[in-house]
Amino acid sequence: METPNGAVHNGGARRRGCTFQRNDFFPEESFKNWNNYSRAFLETPFRLKDRVLTRSSDQTELVEVKSRSNHEMKKTLNWWDLMWFGIGAVIGSGIFVLTGLEAREQAGPAVVLSYVVSGISALLSVFCYTEFAVEIPVAGGSFAYLRVELGDFVAFIAAGNILLEYVIGGAAVARSWTSYFATLCNKNPDDFRIIVHKMSSDYNHLDPIAIGILIAITILAVYSTKGSSIFNYIASVFHLIVIAFIIIAGLTKANTENYSPFAPFKVRGVFHASAVLFFAYVGFDAVSTMAEETKNPARDIPIGLVGSMVVTTFAYCLMAVTLCLMQPYQNIDINAPFSVAFSAVGMDWAKYIVALGALKGMSTVLLVSAVGQARYLTHIARTHMMPPWFAHVDERTGTPINATISMLAATAVIAFFTDLGILSNLLSISTLFIFMLVALALLVRRYYATGVTTKVNQIKLIVSLVLILGSSAAISAYWATSDGWIGFAIAVPLWFLGTAFLCISVPKAKEPKLWGVPMVPWLPSLSIAINIFLLGSIDKKSFIRFGVWTGFLLIYYLFLGLHASYDTAKEFDQRKNNTVEVDKVWDKVEDGFVDGEVSKVPVST
């Protein structure tokens, strides 16, 4: 509905470009005045129960929720764009920085095995994301998928961690960008940072260059998705050329003696490094958020996502092998490992090529991250769990300007202060948690459908999922606290039993229409187990920070997000019911009933 001043009301949200009035942020009935809010807050237990138990639908996400952005995103992407977005999103700070850190301190030359473990886990998650993205091609990515299968509350907790994942990931890459820029200038990274000695050592290296690169990325991401794709394609091609140079030139200086000992930190070191190096695979989920802008999701998304992940894993393993053959693991530099390695073998000139390639790679990671995180926030805001101001899509550019600028502003604040080690561990927790939930949601999607799955089969499904989750958590906990094997001998068969029971005793309620994960339930169940297992290798302080953030999300949800999303959902239900009543009456009119019945139908304005 359009008002005299040209503002558009859609689902209770006032939209007129980029304005900052109260209705742009809290237009819902519960926030009209303090009396309304008091009544809504007293209903918190009832509303929370409603949101926990209510699931969205594919149709709601594809039509109703998407329409709340007022303007459509432009469909300009194909599988070629998505594959290069995937490569550009993933190959960046992880391989160029964390490889050296984990090889030196956790895994030694066996860091290549860490990449294999992380790569398998990421590929399983890619399968799950791909099925959802093909079936529900919207900008919300995993948030939309979880809303449909696990309900609003779980989706919101995941959404908060998705946003944290992007902010932390972008901040980590931006700080790494400074490190490689320093190498290119023959300087130490701290030469470009402001050191404040009175602050904690984890937060006192202030990084203004990180803020500068984020501002440049923001401008490009806001301007055009297709323009971002073209820049990403060119930069990624250059990046792969540099990677090929690193592998070929580095292997000419290989010394097999550097591979002994192969695993100085034993198996535990390999898996601990895997948990942290999962950071290197973060980014492919951003590609799933571009499904709404993809011309042919059923064809383009599987090729783009799976293809980019295979190329990335292969490149990572070759680069890890090359690095550890060039230098003893004890001598690897933790800030710019490849550049310093070339200097150590007498190819000092090569470090400039490496640094330039790393900068290009990190720039594309930041760009794809900016595009992806804005689309996540846009879809979350469409549900009003976050203020609908963030859901605005600019009519001219077809991009979510408000969400893009806001997310990158938050990223810049974190990047300015925080050490890379803290960022990478915290990021891995959020990522593994979300990927586990997406795999769980896929099992629910395949084995449960309202009105189709019987009560007995619902109970069997719940028992199976409890066995899978419980045994996976037991394996992870035992790994983190014990060096024995008895716990594995109990927990691993329980995981197998839970998965087999689901496979044999619960009939599938739904099959994918276009593209589906193979070997269900085994592959999603394995994805759950690996993600939870890797969580057990992350340090205690990171879990504390994760817990604090999740606690903050719960407070926000109970005081604001719950009531905003509840009002929006009920308003949508009311409009839908009114539409159904109108349709029923018009059917009667067409069948010869009196016209007077039409006046009995309440019409939503």
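Visitor: Where is the place of Ser-406?

Guide: Ser-406 sits in helix α17, which covers residues 401-417; helices here are DSSP runs of H or I with at least four residues, strands are runs of E with at least two, and both are numbered from the N terminus. This is a predicted model, in which local features need pLDDT of at least 70 and side-chain atom pairs count only at pLDDT 80 or more, while totals for chains, interfaces and linings use all residues. Residues are numbered from 1 along each chain as its sequence is written, and side-chain values use heavy atoms, with hydrogens and water left out.

Visitor: Is Ser-406 buried, exposed or partly exposed, and why?

Guide: Ser-406 counts as partly exposed because its relative accessible area is 23%, where buried means under 20%, exposed means over 50% and partly exposed lies in between (1.4 Å probe, protein chains only).

Visitor: And which residues does Ser-406 touch?

Guide: Leaving out residues up to four places away in sequence, Ser-406 touches Trp-389 and Phe-390, a contact being heavy atoms within 4.5 Å. Thr-218 lies 188 residues from Ser-406 in sequence, and the two are 9.7 Å apart in space, C-alpha to C-alpha.

Visitor: Stepping back, how many helices and strands does the chain have?

Guide: The chain comes to 22 helices and four strands, and buried residues make up 58% of its 605 residues. Among contacts between residues at least 6 apart in sequence, 83% join residues at least 24 apart.

Visitor: Which residues touch the most other members of the largest nonpolar core?

Guide: Those are Phe-96, Tyr-115, Tyr-180 and Phe-284, in a core of 162 residues; such a core is a set of buried Ala, Val, Leu, Ile, Met, Phe, Trp, Tyr and Cys residues joined through side-chain atoms within 4.5 Å. Helix α16, residues 350-382, gives the most to this core, with 17 residues. As for Phe-284, its contacts beyond four places in sequence are with Val-90, Ala-122, Ser-125, Val-126, Tyr-129, Leu-305, Met-309 and Phe-435.

Visitor: How do α8 and α16 cross?

Guide: The axes of α8 (residues 142-149) and α16 come within 9 Å and cross at roughly 35°; axes are lines fitted to C-alpha atoms, for helices over the stretch in contact, with angles running from 0 to 180 degrees between N-to-C directions. Ser-142, Phe-143 and Ala-144 of α8 make the contact with Tyr-376, His-379 and Ile-380 of α16.

Visitor: Switching to charges, how many salt bridges does the count come to?

Guide: The count comes to 15 salt bridges, each being a side-chain nitrogen of Lys or Arg within 4 Å of a carboxyl oxygen of Asp or Glu. A network of salt bridges links Asp-50, Arg-51, Arg-147, Asp-152 and Lys-570.

Visitor: What about Asp-207, which residue does it form a salt bridge with?

Guide: Asp-207 forms a salt bridge with Arg-193, with the closest N and O atoms 3.0 Å apart. The pair links distant parts of the chain, 14 residues apart, with Asp-207 in the loop between β4 (205-206) and α10 (208-223) and Arg-193 in the loop between α9 (152-184) and β3 (194-195). Asp-207 counts as buried because its relative accessibility is 0%, and Arg-193 also counts as buried, at 14%.

Visitor: What is phi of Met-519?

Guide: Phi of Met-519 is near 55°, a positive value in a residue other than glycine. Met-519 is in the loop between α20 and α21, and it counts as exposed because its relative accessible area is 56%.

Visitor: Then His-384, is that buried or exposed?

Guide: His-384 is buried, with a relative accessible area of 2%. This residue, in the loop between α16 and α17, has a positive phi of about 70° although it is not a glycine.
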